[in-house]
Amino acid sequence: MLGRLLVMQQSLGLLHRHDQMVDFIRMVFLDVPGVAECRVQLAATPEVVDAAAGENDSSVVLIRIRTRADYFGEIRLLTDDLPTYKVYEPFLDNTAQAVGTLLENRHDAARLSEANNKLNHMVESLERRVEERTRDILKAKNRLAASSCR
């Protein structure tokens with residue numbers, strides 16, 4: 001089982017759509033001994049109403065998908081054998097953290113790409129302005145030269 005969790009962590013990077021990631025995480029977590037049901041939610045903010053659901057039920061386990069900086073969702077497990085599940089809990093927490101890190105890296109890469117696109121647009125705009133200004137200066141220089149020759 002632990003090997004499968006490691007393979008899942010490495011394979012998640014190949015899945016680009018959230019629905020694919022959710023299905024894959026759910027499939028792997030359902031194979032964990034002691035887990036009867038698994039619900040994965042990838043979201044920008046925690047669902048306040050849903051967060052309290054099942055908190056008093058000892059068979060429901062909530063694993064947050066997060067990093068130090070961001071929250072990316074949660075994995076809600078229904079256990080049918082809590083002691084057996086508890087053996088795997090640290091590994092599942094680690095897997096959720098790896099998912100959070102992957103999502104954070106993708107978010108950062110998207111922001112970086114957007115910033116680079118803006119920067120490239122600004123550079124192109126500046127280059128056009130420099131070309132326009134250079135043409136204006138050359139025209140003015142030619143006019144000045146023409147008027148001084150007279």
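Which side chain does the side chain of T95 join in a polar contact? I looked this up in a predicted model, and I found that the side chains of T95 and Q9 are joined by a polar contact of 3.0 Å.

**Entry 1: around T95**

I placed T95 in helix α4, which covers residues 82-149. I noted T95 as buried, because its relative accessible area is 1%, and the cut-off for buried is under 20%. Setting aside neighbours within four places in sequence, I listed L5, M8, Q9 and F29 as the residues in contact with T95.

**Entry 2: how α2 lies against α4**

I then turned to the packing of two helices, which is described by the angle between their axes and the distance between the axes. For helix α2 (residues 18-30) and α4, I wrote down an angle of about 170° and a separation of 12 Å between the axes. That angle makes α2 roughly antiparallel to α4, since angles over 145 degrees count as such. On the α2 side the contact is made by H18, M21, I25 and F29, and on the α4 side by L92, T95, V99, L102, L103 and R106.

Not counting residues up to four places away in sequence, E104 touches T67, A69, D70 and F72.

**Entry 3: salt bridges**

How many salt bridges does a search of the whole structure find? The search gave 8, and I followed some of them up.

The side chains of R64 and E74 meet in one of these, with 3.3 Å from N to O. Because R64 lies in strand β2 (residues 60-66) and E74 in strand β3 (residues 71-79), the pair ties together parts that are 10 residues apart in sequence. I marked R64 as partly exposed, at 31% relative accessibility, whereas E74 counts as buried, at 2%.

Within helix α4, E89 and K86 lie 3 residues apart, about one turn of the helix, and their side chains form a salt bridge at 3.1 Å, N to O. K86 is partly exposed, with a relative accessible area of 42%.

Also in helix α4, K118 and E114 are 4 residues apart, again about one turn of the helix, and their side chains meet in a salt bridge at 3.5 Å, N to O. E114 counts as partly exposed, at 47% relative accessibility.

Conventions: Residues are numbered from 1 along each chain as its sequence is written. This is a predicted model: local features need pLDDT of at least 70, side-chain atom pairs count only at pLDDT 80 or more; totals for chains, interfaces and linings use all residues. Side-chain values use heavy atoms; hydrogens and water are left out. Helices (H or I, at least four residues) and strands (E, at least two) are DSSP runs, numbered from the N terminus. Buried means under 20% relative accessible area, exposed over 50%, partly exposed in between (1.4 Å probe, protein chains only). A polar contact is a pair of N or O atoms within 3.5 Å; within protein, one must be able to donate a hydrogen and the other to accept it, and residues adjacent in sequence count only if both atoms are side-chain atoms. Contact means heavy atoms within 4.5 Å. Axes are lines fitted to C-alpha atoms, for helices over the stretch in contact, and angles run from 0 to 180 degrees between N-to-C directions. Angles under 35 degrees count as roughly parallel, over 145 as roughly antiparallel, 65 to 115 as roughly perpendicular and the rest as oblique. A salt bridge is a side-chain nitrogen of Lys or Arg within 4 Å of a carboxyl oxygen of Asp or Glu.
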